[in-house]
Amino acid sequence: MQYRKFNKINERVSLLGMGTMRLPEKEDGDVDEREAIEIIRGAIDSGVTYVDTAYTYHNSTSEVILGKALKDGYREKVLLADKMPIWLVRDEQHMEEIFYEQLERLDTDCIDMYLVHSVEVDIWERAKELNLMSFLERMKAQGRIKHIGFSFHDSYEFFAKMLDEYPWEFCQIQLNYMDKNHQAGVKGLKLAAQKGLGVIIMEPLKGGRLTDAVPPAVKALWDKAEISRTPAEWAFKWLANKPEVTLMLSGMSSKPQLEENIRILSSEDVAELTPEEKSLIDEVSDEYNRLIRYSCTGCKYCMPCPKGLEIPRILRYYNDWCAYEQNPSTKAEYITWMEEGKRASDCLDCKKCERLCPQHLHVTKAMKEASEAFGI
Ligand code: SF4
Ligand code: SF4
């Protein structure tokens, strides 16, 4: 495993961090706890020293499962990160209750890295109204938190402002070669690092969108490379090549994924890219941006939908439809798997999802397009 210095925190951390938003699930949609614990422990056994969770992940079960995984001496081997879901908080008393519930779920006395979750303009305003930072400082003084940071999903301009709003110790941004100019982007990464902050990257593989099924036009571009690499390898190398990146969180949902990520991020030359390779990645990024209609990361912040629509799944089918040249099998799969009454054409146009989507996607427009494309 490769390690980097975590600015301000004064720790050496693994370049790969274990995210717990995409743990393996059983057929009924619940997390496969045994498998999840094996993956988390497998990551730590392979040298991962940073694990991240949140109050809302996996219908609030991620923290509990992570707490179980960190028993038997694993807790001491990692920096544990968790976040305050300010959008759920009713008042200051409730904020405190959520925080103590998190400690209980994780079965720990102290959270090493505590973040204001998913900061956007409105969330930050609400955090200030609720005196969140004073509360976090109190928790820090009591030894319940070690370091304070924020995770971010808004514009670069607001990110630059956020960096000066509080003496943050670290921040977490979404970044991958497709999103280089999206949200904080590469510009935000460099600015935060200039200010001395450690920067944690989320969505390095865009929720698996850059690796799961490579469209033919993208594959043709990768085939031009002198050295053949997997899509995950290209995506991680693009980030590792930036010295401002402290670590990359990957939400690993299977052992093969974990093994591949460990292999890539343990390689001594993971940060090396030739100028030709960098321009090839730029070409792939342009091609993806041309093909993918709705840049959904699969984070599920928009859920639940009052009509029961599985929004990210529908967007995925529709993106595939656009990327794979209207392949009939995409339509057949959509018709087979999307339950009657919960298809794109059932969208109520209430826009609840759009208000919650950190990517600011026009979900209702996508639902109309998908229902036209698939006929239901
Ligand atoms: S706009 Fe449509 S997809 Fe979005 S929450 Fe409402 S019903 Fe669900
Ligand atoms: S539509 Fe937005 S909120 Fe919903 S899963 Fe996609 S990116 Fe996340």
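Modeller: On a 1 Å grid over the protein atoms alone, a cavity is a set of points where a 1.4 Å probe fits but cannot get out, while a pocket is an open set with protein on both sides within 12 Å along at least five of seven lines, and lining residues have an atom within 4 Å of a point. This is a predicted model, in which local features need pLDDT of at least 70 and side-chain atom pairs pLDDT 80 or more, while totals for chains, interfaces and linings use all residues, and side-chain values use heavy atoms, without hydrogens and water. Residues are numbered from 1 along each chain as its sequence is written, with chains lettered from A and ligands numbered from 1 in the order in which they are written.

Biologist: How many cavities of 30 Å³ or more does the count come to?

Modeller: Grid points are joined across faces, edges and corners, and a volume is the space filled by probe spheres set on the points. With 30 Å³ or more required, the number of cavities is two.

Biologist: Which helix gives the most to the lining of the largest cavity?

Modeller: Cys305, Ile311, Cys347, Cys350 and Cys353 are the closest to the centre of this cavity among its 17 lining residues. Helices here are DSSP runs (H or I, at least four residues), numbered from the N terminus, and α15 (352-356) and α16 (363-374) each supply at least two residues of the lining. The most, three residues, come from α16.

Biologist: Which cavity is the space taken by ligand 2?

Modeller: A molecule sits in a cavity if more than half of its atoms lie within 2 Å of the grid points. Around ligand 2, the shell (residues with a heavy atom within 4 Å) includes Cys296, Cys299, Cys302 and Cys357. Cys296, Cys299, Cys302, Cys357 and Leu361 are also the closest to the centre of the second largest cavity, out of 14 lining residues. The space taken by ligand 2 is therefore, by the grid-point rule, the second largest cavity.

Biologist: How many charged residues are in the lining of the second largest pocket?

Modeller: This pocket holds about 200 Å³ of space, and its 16 lining residues include Arg209, Arg316 and Asp320, which are among those nearest its centre. Ala, Val, Leu, Ile, Met, Phe, Trp, Tyr, Cys and Pro count as nonpolar, Asp, Glu, Lys and Arg as charged, and the others, Gly among them, as polar. The lining divides into eight nonpolar residues, three polar and, for the charged class, five.
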